[in-house]
Amino acid sequence: MLGQKAVERRVITYKGKIGSYPIRLYMEYMESNSIYGYYTYKKYPNNEPIGISGTYHKGDLRIGEEVYNFQSKKMINTGLFTAKDFQNFDVVSGIWTNMLTSKQLDFELIAVEKQPSEQYFYTLNTRESDDSDIQKHYYEFDAIKLYDSNRKLLQEVELPFSYCYKQEELNTILEDYNFDGYLDLVVYHRFPFQARRDYGLYLLIYNPISKKFDYQPQYRDEFGHYVRADHLKEVLVVETADGRGNESKYEYKVIDDNFYLVRYWSQTEFGDSEEISYEVRDGKSVEINRR
């Protein structure tokens, strides 16, 4: 953890077309050159998103799609995206092949984010824990230093006192969490020796005016470490489950880094369910439908 590490993982959202059919798609680009994500057709925004996964390298991208077949009761390959001139994350174009009919269509994807290929590096302010058991497996850290693509220092961001594994790099992701068109920085941290949900996250929101990242504790304080971004619906999602069949799901619209509930769903272990929809009016979430 002493040298500069690249922030390699990033989640990019795209608007584009397969043939003449508009789609919205997001892909998470992993350090291992693997990809996974989902997409929906604009004409059918409420349909179950189509899952995609594959690999990417300079000059080559290949991702397949799978959907669940109710007759065979299993996932089947329905399509394949291939791009032979993949160079950056800004625009992805190539051929989409229907794996069931062999029909081929051109596709083009244009990144929603304004700087999808921006590169950052980081170091942590770390130290050895005074606790001998923690010291064997974790570093303590209280700040992250960020560097630009030329490895020049941009800023140092103080964080709450936290831990990271010694045997692996810090999990960092560039991802737009407030849906303003700029990639934010997600910094994961660990809870030592916790068996389940042993991680949390800090959101460093990009400020396009200062061109720096601001730690926004309200994302942590409001949601804990379970929040995720749904880039197809453009909402933040918090899900809970107790393992007995009691589940809930909250969806929030983000406006000026404030959170407004737009959908709530719950189900009990006895099969009872409830779904409530809201609309943002005058800075408040107003219920518009309940079933």
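R291 is exposed, because its relative accessibility is 66% and the cut-off is over 50%. This is a predicted model, so keep that in mind for every value I quote.

R291 has a partner, E275. Their side chains meet in a salt bridge, 3.0 Å from N to O. Look at where the two sit. R291 lies in the segment after β22, which spans 284–290. E275 belongs to strand β21, residues 273–281. Now, is E275 buried or exposed? E275 is buried, at 18% relative accessible area. The cut-off for buried is under 20%.

This pair does not stand alone. Salt bridges with shared partners join K233, K249, E251, R263, E275 and R291 into one network.

Next pair: D60 and K84. They form a salt bridge too, with the closest N and O atoms 3.6 Å apart. Again, distant parts of the chain are linked. D60 is in strand β6, residues 60–69. K84 is in the loop between β7 (74–83) and β8 (91–98). The separation is 24 residues. On accessibility, K84 counts as exposed at 65%. D60 is partly exposed, with a relative accessible area of 28%.

D198 is buried, at 16% relative accessible area.

And the total? How many salt bridges does the structure hold? The count is 19.

Key:
Residues are numbered from 1 along each chain as its sequence is written. This is a predicted model: local features need pLDDT of at least 70, side-chain atom pairs count only at pLDDT 80 or more; totals for chains, interfaces and linings use all residues. Side-chain values use heavy atoms; hydrogens and water are left out. A salt bridge is a side-chain nitrogen of Lys or Arg within 4 Å of a carboxyl oxygen of Asp or Glu. Helices (H or I, at least four residues) and strands (E, at least two) are DSSP runs, numbered from the N terminus. Buried means under 20% relative accessible area, exposed over 50%, partly exposed in between (1.4 Å probe, protein chains only).
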